[in-house]
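Please consult the sequence and the coordinates alongside the text.

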Amino acid sequence: MTYCLKCQDWISQSVTWSTLFLPSQQTSLCDSCNSQLVRINGAICEKCGRQMPSRMICDDCKKWQTNDKYRDVLQFNRPLFPYTPFMQEIITQWKYRGDYQLKEIFTPYIKKEIRNFYPTKSFTIVPIPLTDERHQERAFNQATAIAEVIATHYENSIITALSRKSSHSEKQSKKSRQQRIKTKNPFFLTKSLETDVLLVDDIYTTGMTIHHAAKLLKEAGSPNIYSFTLAR
Ligand SMILES: [Zn+2]
Ligand SMILES: [Zn+2]
């Protein structure tokens, strides 16, 4: 008998039409949780991967594209899931309660899609870091956990090329977007890379974190920077 990683309910192992056609995540989530974990599908913003009514650039990305400093730093982001309340719960549970095992929920989805997102790309995988304090509190970095899953499907290695300044306040959600753009870059480079880079994080919100990280890597010599996030 197995238990749902999200809600701890027992999982019945019956084979249904949905378990036949879905990837093997049914072994880690119960039917009820599974039904709430819905992929982004249909039209997306070609820059950030957000689900859109038609294939067009979203408002967040338009703002990045009109910003001279950030316009060209990121090729594109690809997320797997819309950031629904359910996704928010899973990521919070994973991040703050230290349920490292929760990465198993996402593994089959990542394995299924990652090569579709970046088919021929040879790149170095760079997880978005936490501050040292956060890392010690939580004992692991969820971005690194995702990066490890991706690395098993590419020959490429994971390199910690960024560090996060500890003085930087993480209470950014209360700031307006304009204030955020003006905020100093929360990262500094610990290693410059001459390869293309795949940045990895759990959530893409406005894109500020990814753009700040990409800008540093680009300035240090990485030709192309892509990113992957679980949610958008
Ligand atoms: Zn469940
Ligand atoms: Zn977008």
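## Basis of the description

The model is predicted: local features need pLDDT of at least 70, side-chain atom pairs count only at pLDDT 80 or more, and totals for chains, interfaces and linings use all residues. Residues are numbered from 1 along each chain as its sequence is written, chains are lettered from A and ligands numbered from 1 in the order in which they are written, and side-chain values use heavy atoms, with hydrogens and water left out.

Donors are N, O and S atoms within 2.8 Å of the metal (3.2 Å for Na, K and Ca); water is not among the atoms, so sites may look incomplete.

Cysteine 4 is buried at 0% relative accessibility, whereas cysteine 7 is partly exposed at 32%. Here buried means under 20% relative accessible area, exposed over 50% and partly exposed in between (1.4 Å probe, protein chains only).

## Zinc ion (ligand 2)

The zinc ion (ligand 2) is coordinated at 2.3 Å by Cys45 (SG), Cys48 (SG), Cys58 (SG) and Cys61 (SG). Its site is also tetrahedral, the angles among the four donor atoms being 105 to 118 degrees. The donor spacing is C-x2-C-x9-C-x2-C. Cysteine 45 and cysteine 58, 13 residues apart, both belong to the loop between α2 (31–36) and α3 (59–65). Helices (H or I, at least four residues) and strands (E, at least two) are DSSP runs, numbered from the N terminus.

Cysteine 45 is buried, with a relative accessible area of 0%, and cysteine 58 is buried at 2%. The structure holds zero disulfides, a disulfide being a pair of cysteine sulfur atoms within 2.5 Å.

## Glutamine 8

Glutamine 8 lies in the loop between β1 (2–3) and β2 (10–11). Its phi is near 70 degrees, a positive value in a residue other than glycine. Most residues other than glycine have a negative phi. Glutamine 8 is partly exposed, with a relative accessible area of 46%.

Strand β8 (residues 225–231) is mostly covered, with seven of its seven residues buried. Four bridges join strand β3 (residues 77–81) to β8 in parallel, and six bridges join strand β7 (residues 196–203) to β8, also in parallel. Two strands pair if DSSP finds at least two bridges between them. Phenylalanine 81 has alanine 231 as its bridge partner in β8, and leucine 198 has tyrosine 226. From β7 the chain crosses through helix α9 (residues 208–219) to β8 in a right-handed β-α-β crossover; right-handed means that, with the strands pointing away from the viewer, the path from the first strand over the helix to the second runs clockwise.

Threonine 124 is in strand β4 (residues 123–127) and is buried, with a relative accessible area of 8%. Not counting residues up to four places away in sequence, threonine 124 touches Ser157, Ile159, Leu193, Thr195, Asp196, Val197 and Leu198, where contact means heavy atoms within 4.5 Å.

Notes
Four donors count as tetrahedral if all angles lie between 85 and 135 degrees; four count as square planar and six as octahedral if opposite donors are over 155 degrees apart and all others between 65 and 115; anything else is irregular.
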